[in-house]
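Here is a short report on one protein chain.

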Amino acid sequence: MNFTRWSARLPGTQRRTAAAQAAKGTKVRQPSGSQTGVSGTVPAARGESGRTDAGHGEPRGGDTGRGERHRPKQARAGRSRRGGPDGADPELPGAIEALTVHDLLGQVPALVAVVHGPDHRVAYVNDAYAEVFGPRSGGEPARTALPELDELGLLPLMDQVLRSGRPRTVKSRRVAPAHGPRSTAYYTFTCTPIPAADGGGVLIFAADVTDQVESAERVRSSERRQREAAVTLQRSLLPQELEQPDELRVAATYQPGGTDAAVGGDWYDVITLGAGRTAVVIGDVMGRGVRAAAVMGQLRTAVRAYARLDLPPHEVLQLLDGLASEIDASQIATCVYAVHDPSEGRLHYASAGHLPILVRAADGSVQSASDPTGPPLGTGGWLHTSGSLALEEGATALLYTDGLVERRDADIDEGLAVLERAFAGATGPPQVVCDRMLRALRITAEHDDDVAVLVLQHPERPGHDAELFRGASLDLLGGTEAAPRARAFASGVLSSWRFSTEVQDLGVLAASELVANSLQHGTPPMRLRLRRTDRRLIVEVTDGDDHLPRRRRADPVDEAGRGISIVATVASSWGSRRTQGGGKAVWCEFALPAGS
């Protein structure tokens with residue numbers, strides 16, 4: 001196929017040229033019957049390819065009506081309607097009218113190439129194309145003459161365009177220019193079909209989009225840095241390292257959601273309360289952004305402060321509810337707060353609009369802590385209540401945020417059912433359980449919501465480990481014989497646990513003082529509890545009076561008031577709390593030497 005012939009065949013080309021020359025009074029010369037030879041290289045915007053013989057007369061190609069015969073009737077009719085009464089096209093300036101297709105494509109700053117036939121033989125490339133990829137020879141298949149198109153994967157696309165007659169576009173393809181200051185550039189290629197009777201061809205048009213691609217990459221890099229900063233902020237507000245209680249094994253994981261720079265409000269924490277008890281909390285501030293993160297940070301700090309008061313779970317949530325309203329009335333948060341007491345083997349909890357805790361027993365059965373629950377924090381006007389679940393040796397508890405189970409295209413109950421089934425078969429250490437929950441619920445880096453998961457296990461301790469975690473208790477009825485009984489009981493238990501003489505003496509002294517304080521200021525029933533772990537000895541006394549003792553400085557003439565001061569002096573730590581159903585518990589701990 002001769003691209004020069006194609007330019008002469010373009011509809012109206014011959015007639016417009018003849019009309020322009022007739023207007024100037026120039027006689028139109030007949031074609032000589034011969035064509036000017038075409039050199040072996042592809043003409044790059046050569047003006048002579050579409051001109052007439054000797055610079056005047058009728059264009060090569062013969063009959064001036066040839067273009068009209070090959071033009072569809074609808075197109076000819078449309079052109080007649082656009083023209084004057086005789087069907088002539090509107091008159092154009094002579095200089096523009098005389099421009100050929102080569103002239104126009106040669107002045108386009110984009111890359112242009114024309115191929116024809118089923119093997120895409122090269123018919124034309126413009127100067128811009130040659131500047132980027134180097135000069136090209138005409139008449140050869142594009143696979144060999146234009147190897148860059150093959151590397152860019154455009155040849156199959158050109159086949160589709162030629163078969164379907166519809167244009168196709170591929171965006172932002174990376175190329176390596178053979179010339180020019182840039183080593184890398186990006187172009188958007190559009191392949192447009194050229195219909196013709198002899199097989200047709202394809203026009204390849206490539207626009208330089210390097211600036212747009214580089215600008216988009218800078219924006220993506222900026223967003224990536226902002227997101228990294230946001231995730232760093234979020235993680236800095238979470239515990240850097242979880243406290244590890246003596247009685248439990250604990251692990252947590254946090255997966256930020258989405259790809260934007262907005263931080264979420266998911267949070268969790270583990271707080272050791274003393275006397276072997278451990279508090280765990282997980283929550284979710286609604287919304288995303290700095291405001292949600294700020295509210296989350298304040299709530300987490302407040303929970304740690306309230307937990308130190310050793311209050312029941314529902315009282316902690318009651319305090320948090322009032323604080324959330326004061327921090328930001330427009331922000332609400334869900335939260336579940338739970339306390340594990342190893343001496344009871346139970347998990348006491350209270351929930352403020354949060355998803356239920358799941359507990360898997362040693363036999364694999366799963367129990368859900370669905371009740372009781374109250375409205376989210378920040379709503380006010382609600383009295384929260386506490387519930388409890390068994391968490392004995394071999395059991396595992398799972399706390400999580402809604403991002404783990406909630407999906408836009410499914411009901412949340414379906415997600416909870418999937419989670420329960422996955423949790424029933426999840427064994428191994430807590431961190432392994434966390435990872436299995438994420439995989440089971442298909443949580444990936446592209447997940448659109450933040451996810452926090454907290455797992456705590458009360459492990460079974462067979463053999464030698466069982467001797468390191470033991471407990472004993474003695475009920476006291478009061479009276480003058482209660483203190484001697486308590487001392488004898490403590491001495492015998494501590495001796496059977498093979499503690500050193502120093503630890504035994506300190507334990508007996510603490511038990512004696514706490515029992516004496518309870519006899520003087522408390523009411524029956526009273527109980528002395530001794531418990532040991534691999535790291536500490538715990539002495540605890542409970543009674544029926546709910547007035548908490550406090551440490552005070554006794555005057556030299558005072559005959560009482562020194563018991564708590566003595567305990568606080570000899571013990572590593574001490575504290576007191578109110579118990580359910582009324583009453584109180586006063587405790588102290590002794591850190592054990594390594595190897596005890």
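Which residues of H13 are buried? They are Pro313, Val316, Leu317, Leu320, Asp321 and Ala324. Buried means under 20% relative accessible area, exposed means over 50%, and partly exposed lies in between (1.4 Å probe, protein chains only).

This is a predicted model, in which local features need pLDDT of at least 70 and side-chain atom pairs count only at pLDDT 80 or more, while totals for chains, interfaces and linings use all residues. Residues are numbered from 1 along each chain as its sequence is written, and side-chain values use heavy atoms, with hydrogens and water left out.

## The chain as a whole

The secondary structure comes to 19 helices and 20 strands. Helices (H or I, at least four residues) and strands (E, at least two) are DSSP runs, numbered from the N terminus. Of the 596 residues, 45% count as buried. Contact means heavy atoms within 4.5 Å. Take the contacts between residues at least 6 apart in sequence: 64% of them join residues at least 24 apart.

Helix H13 covers residues 313–327, which is 15 residues. From its first C-alpha to its last, H13 reaches 21 Å, close to the 21 Å expected at 1.5 Å a residue. The expected span is 1.5 Å times one less than the number of residues. Which residues of H13 face inward was listed above: Pro313, Val316, Leu317, Leu320, Asp321 and Ala324 are the buried ones. Seen down the axis of H13, these residues fall within an arc of 145°, so they line one face of the helix. The arc is that of the directions from the helix axis to the C-beta atoms. The buried residues of H13 pack against helix H12 (290–308), strand E9 (333–341) and strand E10 (346–352).

Helix H10 spans residues 155–164, and its buried residues are Leu155, Leu157, Met158 and Val161. Down the axis of H10, the buried residues fall within an arc of 155°, so they too line one face of their helix. Their cover includes helix H8 (142–145), helix H9 (147–151) and strands E1 (111–116), E3 (168–175), E4 (185–194) and E5 (201–208). Just after H10 comes Gly165, with a positive phi of about 75°.

## Two loops

Gln331 is found in the loop between H13 and E9. Is Gln331 buried or exposed? At 12% relative accessibility, Gln331 counts as buried. Leave out residues up to four places away in sequence, and Gln331 touches Val285, Met286, Arg291, Ala292, Val295 and Leu377.

Glu406 lies in the loop between strand E14 (395–400) and helix H14 (412–424). Glu406 is partly exposed, at 39% relative accessibility. Leu416 lies in helix H14. At 16% relative accessibility, Leu416 counts as buried. Glu406 and Leu416 are 10 residues apart in sequence, and their C-alpha atoms are 8.4 Å apart in space. Leaving aside neighbours within four places in sequence, Leu416 is in contact with Tyr400 and Val405.

## Rings and charges

How many aromatic pairs does the structure hold? There are three. Rings of Phe, Tyr and Trp (its six-membered ring) pair if their centres lie within 6.5 Å; planes under 30 degrees apart count as stacked, over 60 as edge-to-face and the rest as tilted. Two of the pairs are set out here.

| Pair | Centre to centre | Angle between planes | Type |
|---|---|---|---|
| Tyr187 and Phe189 | 6.4 Å | 50° | tilted |
| Trp497 and Phe499 | 6.3 Å | 85° | edge-to-face |

Both Tyr187 and Phe189 are buried. Trp497 is buried, at 6% relative accessibility. Phe499 is buried with a relative accessible area of 6%.

Two arginines have a charged end over a ring. For Arg360, the ring is that of Phe423, with the charged end 5.5 Å from its centre. For Arg461, the ring is that of Phe469, with the charged end 3.7 Å from its centre. A charge sits over a ring if NZ of Lys or CZ of Arg is within 6 Å of the ring centre and within 35 degrees of the ring normal.

## Cysteines

A disulfide is a pair of cysteine sulfur atoms within 2.5 Å. By this rule the count is zero. Cys434 is buried, with a relative accessible area of 0%. Cys588 also counts as buried, at 0% relative accessibility.
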